[in-house]
Amino acid sequence: MITALSDDTSRLRATVDFVTEQDSETLLPLLLPGLDGPELRALVERCRFAHAALLVFPPHPEALDATLAECGLLADAAPQPSVVVRERLALRHHRAAADLDVGILRPAVHGHDGQLRMVEVFALTVPPGSDLEEIAALERARHDEAHVAFEVSAPDPLVLRGLRASFARYGAVPDGGGYNPHENGTVFYFAAPATAKAEYRRIELYAPGDHRDQLAVHLDEFRTGQPAETMLRLLTGAWTTQALTAFAHLRIPDALDTEQALDVRELASAVGADADSLAVLLRYLAALGVVTAEAPGSFRLTTLGAQLRAGDPGSMRPLALLYGGPFYESFGALAHTVRTGQVAFEHLFGANHFDHFARDTRLAELFDQSMAASRRMFEPLPAHPVLAAAARRAHGATVVDIAGGNGELLSHILATHPTLDAVLIERPHVIEAARQRLDAARCTFLTGDFADVPSSADVYLLSRILHDWDDARCREILRHCAEAMPADADLLIVERLLPTDDSPSLATAWDLHMRCNVGGRERTADHYAQLLSDAGLTLVGHAPLPLDGRVLHARRTDPSHSGRL
């Protein structure tokens, strides 16, 4: 038995014997007592016994080769990095993951039924006298990484949900997992029930491909039973924000490639960074999926990390610099907002964020760029039926974007609908930036405030404006719109809506952000309906947008009024 053996060779030999003797149909009922009949057959069809695993601690790579050979195993490839086991060891032993170089080897063996299976060998090199010897002794005694694995055939969300539910029904409990980008596979770990008749206490479901959406649900269930670990991860969330901000600030994404890995020392030279410190940052970001470690000391940019490239359309780099810069500082005074109801940003900087940014050209530009970085939210907006109908009017139509920033949204609308004209209302310094983006032949630039909304237009836009203000100011803004709107005009409002239940939503996080940094708030659909009603407008309906956004459609309550001149 593996629990009675201490040296790596004996433990490995016992694992080989186990893999040779077992198959899915006999092993699953041992791990999940009570599983039989049609449900057992269904699981056997969906997942096959693939391997048994153990963690060994060779003093050097050559010793590992000798141990494998002594057990009749042949590794036909070099070890690949083990992201999941490395992170689990780091967490258990309070060590930096970067200090634990864990590799995976999968030598093949033939089962008694003739099927090809593997022995999965995790190897952490522990030189004699190393401070890692204590970890090795504890792990050999506890066998935390010893497990049996079943590979899921044709995994899809429905299959994975069904398998996870079946395991839970027979007493298996979520026990972590992870996505390994090196082999593009997703791992779901379970702790076997106490009644299990197999000596292995951990079960792995291995799903080829990227299934991080299902993994997130699995890990949430796991962390519910791990409050200390969950709290520790939550408390270090600020480190993630600053790691991403540093990544963006140093323009590291622009120096990396999404296809070919770059050596960290070459990268450090390119971005002007200390190579050792940069390597630590990149290893941390690799655990988040922002970069991928291809070989020791070299990294490749992922699609996720590419969102922070400076020159790409819709780059989220400005958001990283804003959320990791002035808004990060003001979030440090969140307790002041919660205690007093006052805006932490104003408490810290002595002015509201609009005035503070306006006084600093660099911050003003960064703020406007960050608003444009959320373009994904309003990308579908030009296809909204209200704008499509306006574009079909024989006499032409005009769209007014109130406080429309640098014209990002208007530029998309005008490009989609060549028959539309536009008016942009903004502050003077923002108008100048918008002139670079919008065609003056089709857009009138109006310097002003909410009281300067022009009449006689067909569609009015308030994109992410109302959440900046309290209810009284929102009613005032909406009344200015209502007074300017002709009887048949439409108002489109882009915001996030707070859920009416406890369902997860970006709006919940943004509600806290708005109160701390801006003095505004997010609202439910009913709340907006009431504000519109108070201003003489009626909420017609609302439709989804990306990034948890919604577009609200409103019209005048009193159709006899006409704002046309």
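Analyst: **Helix, strands and rings**

Met 231 is found in helix α9, residues 227–235 (helices are DSSP runs of H or I with at least four residues, strands runs of E with at least two, numbered from the N terminus). Its relative accessible area is 46%, so Met 231 is partly exposed (buried is under 20%, exposed over 50%, partly exposed in between, with a 1.4 Å probe and protein chains only). The model is predicted: local features need pLDDT of at least 70 and side-chain atom pairs 80 or more, while totals for chains, interfaces and linings use all residues. Numbering runs from 1 along each chain as its sequence is written, and side-chain values use heavy atoms, without hydrogens or water.

Now the strands. Strand β6 spans residues 147–152 and is mostly covered. Five of its six residues are buried. β6 pairs with β1 (residues 47–56) in the antiparallel sense, over six bridges (pairing takes at least two DSSP bridges). Within β6, His 147 stands opposite Ala 53. β6 also pairs with β9 (residues 202–208), here in the parallel sense and over four bridges. Phe 150 has Leu 205 of β9 as its bridge partner.

Next, the rings. The whole structure holds 14 aromatic pairs (Phe, Tyr and six-membered Trp rings with centres within 6.5 Å; stacked under 30 degrees, edge-to-face over 60, otherwise tilted). Phe 18 and Tyr 200 have ring centres 4.8 Å apart and planes at 55 degrees, so this pair is tilted. The pair links distant parts of the chain, 182 residues apart. Phe 18 sits in helix α1 (residues 8–21), Tyr 200 in the loop between β8 (185–191) and β9. Both residues are buried.

Phe 354 and Trp 469 form a stacked pair, because their planes lie at 20 degrees, with ring centres 5.7 Å apart. Phe 354 belongs to helix α18 (residues 353–358) and Trp 469 to the loop between β16 (459–463) and α24 (471–484), so the pair ties together parts 115 residues apart in sequence. Trp 469 counts as partly exposed, at 24% relative accessibility.

Phe 354 and Trp 469 also belong to a cluster linked by ring pairs.

Arg 473 lies over the face of Trp 469, 5.2 Å from the ring centre (Lys NZ or Arg CZ within 6 Å of the centre and within 35 degrees of the ring normal). Arg 496 lies over the face of Trp 510, at 4.3 Å from the ring centre.
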